[in-house]
Amino acid sequence: MNIFADIRALVIQALTDMTEQGRLPAGLDFAAVAVEPPRDAAHGDMATNAAMVLAKPARMKPREIADLLAARLTGDPRIASAEVAGPGFLNLRLVPGTWAEVLRAALSAPGDYGRVPAGNGPRVNVEFVSANPTGPMHVGHMRGAVFGDALANLLQFAGEDVTREYYINDGGAQVDVLARSAYERYREAHGLEPQIAEGLYPGDYLIPVGEALKVRHGDSLLDRPESVWLAEVRDFATEAMMDMIREDLALLGIRMDVYSSEKALYGTGRIEAAIDRLRAAGLIYEGTLEPPKGKTPDDWEPRKQTLFRSSAHGDDVDRPVKKSDGSWTYFAPDIAYHWDKIDRGFDQLIDIFGADHGGYVKRMQAAVSALSNGRVPLDVKLIQLVKLWKNGEPFKMSKRAGTFVTLRDVVEQAGRDVTRFHMLTRKNDAALDFDFDRVLEQSKDNPVWYVQYASARINSVLRRAGDMGVDISDAALTRAVSDLEHPAAQALARRIAEWPRTVEIAARAHEPHRIAFYLYDLASDLHALWNRGNDEATLRFVQDGDIAATAPKIALARAVGVVISAGLTILGVTPAKEMR
């Protein structure tokens, strides 16, 4: 049940009837007509902008349309009143029984309330993390990992067929640096002093890799030229790093469906085929680019390159796919990789990049547009940096990592649930502070604690009611639902009614942080009603000794619990049964 969608359908039908009867001109587009919660709850339960968005194309005054619409809507048994406000907004109040129906919908199918059935949704590929396989995941990777997994959960809840994918960047120079770094640890395993030159990876995490290389190869690689051991050590170290990355992801409860390798694209003709596809469309040519902004003739050498005409698909400039020496640029295999995803039949692609990849967005969107003839959209989400704090100071780097704070450092100190929730308390393109003291404190200012406290309170009253003799099964509580009389209880039910709409909007915008925000508001409403019960005994969820009076109140609490559980599951957080 999505009461907002139901009332919007009612509004659209009323507008359609008005058009057929000549009260509105034909041909109006109703796509921008919305039904949403009013900014001020005192104005009603819902508001629609129909009159405001249709006035100009209809060449009518907004209030004229609003008055006509109000007269029609009040004929529906769900609408208690329809009042025109301001220049033409229409505020709606629903009959009290509506909120009881919302609770029954949540309790009758608790696993499905707000969920869109799977089967008819689009196929979506969410590529996230894709960290270079050169070491353990750091805190920057962590935020992208949590965001990507929560987004995938959200889209699945919204009925979409989602594939989680990790693109292993194992085809560039960074894996050669990894191999040289691991080789020094191999020498160290033989008692030699490692030469960790500038540019190599200094972290202690490569010590076990060096020891494992010794077990496998003995001393056969010592004092041999790089050409002998580079490929072998590179493959061995890369796989060891990917094992470490999988373990890091598992700490966050993340499991990828697909791991794709950049290296696997080379020597297979797939890069060439992708470029040929663009060439056949007239989008590949030989040319010379203008110097980048800020460059002067003294430090810029123009050279002929093979270019992709990405400007024909929305990019600012054309982009090189092959260097003047004949080797591929880093962009070429990425084009081939995205073509592979298109070929696999996805209806939409989502890439989650670090903020430092902002300049890469338009060229990648242009490539996907060109390769799919505009059929497959690519949405790129940029993840801003995370700043770590502890005891009022920046959290220091890990010796094990060498130069950065690892994902494991954070999760081991804060816990998986706290880490995941807090990573979603800001929009992805906003910087995030992660203060270990704040995220673990027990206060309203800590969103994860406040939501989990609501979950624990609900479980507490359910246990107490059960001990008192109330049948707390969902079927029994569905039957126990009654009309809500107190404004605080109605406010809580109205918030529950917003859940399906919140899921729909968050999924459409690819913004899982909206779920975290909503859960905080829902928890706030629950705590407000709970606290009022301290002064007004009739508002308490458990009415001592009175099973008949307790059951409908427990039904309300349980309905809140249904939504909190669904929302936390989307975020990848386990709902708390009790607080310790």
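A residue is called buried when its relative accessible area is under 20%, exposed when that area is over 50%, and partly exposed in between (1.4 Å probe, protein chains only). The model is predicted, and local features need pLDDT of at least 70, side-chain atom pairs count only at pLDDT 80 or more, and totals for chains, interfaces and linings use all residues. Residues are numbered from 1 along each chain as its sequence is written, and side-chain values use heavy atoms, with hydrogens and water left out.

His510 counts as buried because its relative accessibility is 5%. His510 sits in the loop between α18 (499–509) and α19 (513–535); helices (H or I, at least four residues) and strands (E, at least two) are DSSP runs numbered from the N terminus. Contact means heavy atoms within 4.5 Å. Leaving aside residues up to four places away in sequence, His510 touches Phe147, Leu151, Leu155, Gln348, Ile350, Asp379 and Lys381.

Helix α5 (139–157) is mostly covered, with 16 of its 19 residues buried. The expected span of a helix is 1.5 Å times one less than its number of residues. For the 19 residues of α5 this gives 27 Å, which agrees with the 27 Å between its end C-alpha atoms. After α5 comes Gly159, whose phi is positive, near 95 degrees.

In helix α7 (residues 207–217) lies Gly210, which is buried with a relative accessible area of 0%. Gly210 touches Ala182, Arg185, Tyr186 and Ala189, again not counting residues up to four places away in sequence. Gly210 and Pro110 are 100 residues apart along the chain, and their C-alpha atoms are separated by 52 Å.

In soluble globular proteins, nonpolar side chains tend to be buried together. A nonpolar core is here a set of buried Ala, Val, Leu, Ile, Met, Phe, Trp, Tyr and Cys residues joined through side-chain atoms within 4.5 Å. The largest such core has 133 residues, of which Leu15, Ile496 and Trp499 touch the most other members. Helix α20 (residues 547–571) supplies the largest share of this core, 13 residues. A second, separate core has 32 residues, including Ile335, Phe346, Val361 and Val368. In the largest core, Leu15 touches Leu24, Phe30, Val33, Ala50, Leu54 and Leu69, not counting residues up to four places away in sequence.
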